[in-house]
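User: Please walk me through this structure, feature by feature. Give me the general idea each time, then the case at hand.

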Amino acid sequence: MANPKLDTLLLANSYKKRGLFAAPIPNVRLSTLKDYYGININSHIAISDCITNNIVYQKLRDGDLAKATEIIDFTPKQVDSRLAGQRFVITGQFRQATRYELTSLIQSHGGKVTGSVSGVTDYLLKGELDHVTGKCKKAAEKGTAVIGYEDLMLLLQK
């Protein structure tokens, strides 16, 4: 038995050919339907296009063919920029947070996390549960500041 297929393009095209949309639309491309339904999100980014397609599909499935009167806004909100322009490398293990959580924290405050120490790295965030690593040695060679979790928290308080 074949899996059922639901195609947003075919569904939208069917409605368009029968003139069922509340306002005229030139085509049934995802970008056109995104504008028609007032979806404010970046295009041509996989997750954004999936979100758009999901909303468009639900509208078409439910027979909601009215042009949007309000915007559905998915644009990124203003980022706290306390760490803007700062580059971090994370090494070791931390008692207070996972590396993923630390990366998210740094990025949510405008910082950038990279995988290796280079001449543009500002801080090496080192976990207290580990000994000196190759990244620590490279940071010392490059003059990169080596900080711990508490130091990061102090940077965020500025």
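Analyst: Start with ring pairs. Rings of Phe, Tyr and Trp (its six-membered ring) pair if their centres lie within 6.5 Å; planes under 30 degrees apart count as stacked, over 60 as edge-to-face and the rest as tilted. Here, ring pairs link Tyr15, Phe21, Tyr36 and Tyr37 into a cluster. The model is predicted: local features need pLDDT of at least 70, side-chain atom pairs count only at pLDDT 80 or more, and totals for chains, interfaces and linings use all residues. Residues are numbered from 1 along each chain as its sequence is written, and side-chain values use heavy atoms, with hydrogens and water left out.

User: How many aromatic pairs does the structure hold?

Analyst: It holds four. A pair of aromatic rings is described by the distance of the centres and the angle of the planes. Take Phe21 and Tyr36: their ring centres are 5.4 Å apart and their planes stand at 85°, so this pair is edge-to-face. The two residues are 15 apart in the chain, Phe21 in the loop between helix H1 (8-17) and helix H2 (30-36), Tyr36 in H2. Helices (H or I, at least four residues) and strands (E, at least two) are DSSP runs, numbered from the N terminus.

User: Is Phe21 buried or exposed?

Analyst: Buried means under 20% relative accessible area, exposed over 50%, partly exposed in between (1.4 Å probe, protein chains only). Phe21 has 9% relative accessibility, so Phe21 counts as buried. Tyr36 has a relative accessible area of 2% and is buried. The rings of Tyr36 and Tyr37 have centres 5.2 Å apart and planes at 85°, so they too form an edge-to-face pair. Tyr37 is also buried.

User: Now the sheet. What is the order of its strands?

Analyst: Two strands pair if DSSP finds at least two bridges between them. This open sheet has four strands, ordered E4-E3-E5-E6, with parallel pairing. Strand E4 (112-114) and strand E6 (145-147) are the edges; each has a single partner strand, so one side of each lacks a neighbour in the sheet. Axes are lines fitted to C-alpha atoms, for helices over the stretch in contact, and angles run from 0 to 180 degrees between N-to-C directions. With direction ignored, neighbouring strands are turned by 35° against each other on average.

User: Which residues are bridge partners?

Analyst: Go pair by pair. E3 (residues 87-91) is joined to E4 by three bridges; Phe88 has Val113 as its partner in E4. Four bridges join E3 to E5, where Val89 stands opposite Leu124. Three bridges join E5 to E6, and Leu125 has Ile147 as its partner in E6. Look at the two sides of E5: Tyr123 and Leu125 point one way, Leu124 and Lys126 the other, and all are buried.

User: Which helices lie across these strands?

Analyst: Contact means heavy atoms within 4.5 Å. Helix H4 (residues 99-108) lies across E3, E4 and strand E5 (123-126), at about 170° to E3. Helix H5 (residues 134-142) lies across E3, E5 and E6, at about 150° to E5.

User: What is the radius of gyration of the whole protein?

Analyst: The radius of gyration is taken over C-alpha atoms; the globule rule is 2.2 Å times the number of residues to the power 0.38. A compact globule of 158 residues would have a value near 15 Å, but this protein has 24 Å. Its C-alpha trace spans about 70 × 45 × 25 Å along the principal axes. Of the 158 residues, 33% count as buried. The protein has six helices and six strands.
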